Amino acid sequence: MIRSVLFPLAVAASLLVPAAAAAQGDETPLGSCRIIGHVEFTGDFENAGPGKPGFYAGAVVITCDDSTLYADRVEWTATTVTATGNVLLMQPGLHVMAERMELDRATRFGTFHRAMGWARVAGSAQADRSPFGSFESEVQFSAEKIERIGPRTYRLTRGWYSACAQPSPRWDFTLTSGTVVLDERLVARNAVLRIKGVPVFYAPIIYYPLGSDERSTGILMPSYSTSTLHGSGVSNAFFLVLGRSQDVTFFHNWFSKGGQGAGAEYRFVSGPGSDGQMQVTMFDDRATAKRTYTVRGSVNQRLGRRFHVIGRSNYVTDQQTQQLFQQNVFDLSLRERYFGATLAGGVGRYRITANAEQRDYFNGLQSAQRQGRAPSIQVSVGNKAIGRSRIYFSATGEA
């Protein structure tokens, strides 16, 4: 969601580039862009050349490619362009209104003052999809200032954003200041999320990656919980990208009554049909003075061209802790733990299969029935004729 909060504002600021192009042409003092609309009066030296000062006033309309600028007055000097009075910048899918727009003609950096508008994000790669497979088609935004301070860097002051179309949005996001580097990161200060006008979340500073692959190293959003059993709880996590095909997440959980825990989750995809994920957690239960480990995951990995390994695990060392601290009904009602792995492959006529697994079915917190193999190995030799006869030989052995 944070990605889409400031993206429309950055897009609005990026439209200063077409305005700069309008200031560097040869056909008018503002460049090769067309001046249309009813201009009531202009400066005495309007035709002195693109490098001379002047102004247009009245119903000024300037078009550049697919962008159109409306203003009551447009002034220019050899270094700057300024638009004031009912400033409206329009582009397909984006409308920006402002009291004032300033632009440096040399650097193409500029500022919108008291800007507001809407943007259409449907079809944009930057839009955040909802859990139902769609995303908001339009967003509203405003900011006291939108400044372009670098080729891809924008500074926002007192920004506001919402994707709700209602006159009184169901939710909105505000920030006192922020910096956006397109396709890299945003840093928002004093960010507040409000639901129906009620503040529900505040962060003094938020760092959010904006990589085009949507996978960037960084701190994940913390979560807070409270219950009579655990007390108050805070969960934090750090996501580390190890490459295009693997990543790891480190996390820490703290409960005022229950204790604290830590763990890590590793995921990888090494090729078609070869992937896996593994989560290992540790929890110190303050009430029972027990340390419990949990290992969950699965792996489906090819080993060269001849062998394949499949593994699975959902194993907890202490069933009592599992029952006390699980938050969902499925894990709370789970009365078994298991781990296992299978290695299969062959070389020529020889086929090798190895299995190791263990399953414990709990009747209570202490007693359980155990089944499994630790381990079993099966070797088989395929059919082959003995000499030139019609007698075939094969063999199978298991230990």
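Throughout these legends, a residue is called buried under 20% relative accessible area, exposed over 50% and partly exposed in between, with a 1.4 Å probe and protein chains only. The structure is a predicted model, in which local features need pLDDT of at least 70 and side-chain atom pairs count only at pLDDT 80 or more, while totals for chains, interfaces and linings use all residues. Residues are numbered from 1 along each chain as its sequence is written, and side-chain values use heavy atoms, with hydrogens and water left out.

**View 1. Overview of the chain.** The chain has four helices and 24 strands, these being DSSP runs numbered from the N terminus (helices H or I with at least four residues, strands E with at least two). Of its 399 residues, 37% count as buried. The accessible surface, computed by the Shrake-Rupley method with a 1.4 Å probe (for residues, only the protein chains shown count as cover), comes to about 22,600 Å², of which 55% belongs to carbon and sulfur atoms. Among contacts (heavy atoms within 4.5 Å) with a separation of 6 or more, 38% are accounted for by residues 24 or more positions apart.

View 2. Strands are treated as paired if DSSP finds at least two bridges between them. Strand β6 (residues 94–104) runs antiparallel to strand β7 (residues 110–120), and eight bridges join them; Leu 103 has Gly 110 in β7 as its bridge partner. Five residues lie between the strands of this hairpin, where Arg 108 takes a positive phi near 65 degrees. On to strand β8 (residues 138–148), β7 is joined by nine bridges, again in an antiparallel arrangement, and Phe 112 is partnered there by Ile 146.

**View 3. The largest nonpolar core.** A nonpolar core is a set of buried Ala, Val, Leu, Ile, Met, Phe, Trp, Tyr and Cys residues joined through side-chain atoms within 4.5 Å. The largest one has 38 residues, and those with the most contacts inside it are Leu 69, Val 74, Ala 83, Val 96 and Phe 112. Strand β6 gives the most to this core, with five residues. When residues up to four places away in sequence are not counted, Leu 69 touches Val 60, Val 61, Ile 62, Ala 83, Val 87, Leu 88, Leu 89 and Met 101.

View 4. Most residues other than glycine have a negative phi. Asn 86, although not a glycine, has a positive phi of about 50 degrees; Asn 86 is placed in strand β5 (residues 80–91) and is exposed, with a relative accessible area of 62%. Arg 114 likewise has a positive phi of about 50 degrees without being a glycine, lies in strand β7 and is exposed at 53% relative accessible area.

**View 5. Surroundings of Thr 157.** Thr 157 lies in strand β9 (residues 153–162) and counts as buried because its relative accessible area is 18%. Leaving aside neighbours within four places in sequence, Thr 157 is in contact with Ala 143, Glu 144, Lys 145, Glu 147, Thr 176 and Ser 177.

**View 6. A nonpolar patch on the surface.** Tyr 350, Ile 352, Ile 377 and Val 379 form this patch, with about 330 Å² of accessible area together. The elements that give two or more residues to the patch are β22 (350–362) and β23 (368–385). Patches are made of residues with over 30% relative accessible area and no salt bridge, with like charges joined within 9 Å and nonpolar side chains (Val, Leu, Ile, Met, Phe, Trp, Tyr) within 5 Å; a salt bridge is a side-chain nitrogen of Lys or Arg within 4 Å of a carboxyl oxygen of Asp or Glu. Val 379 is found in strand β23 and is partly exposed, with a relative accessible area of 36%.
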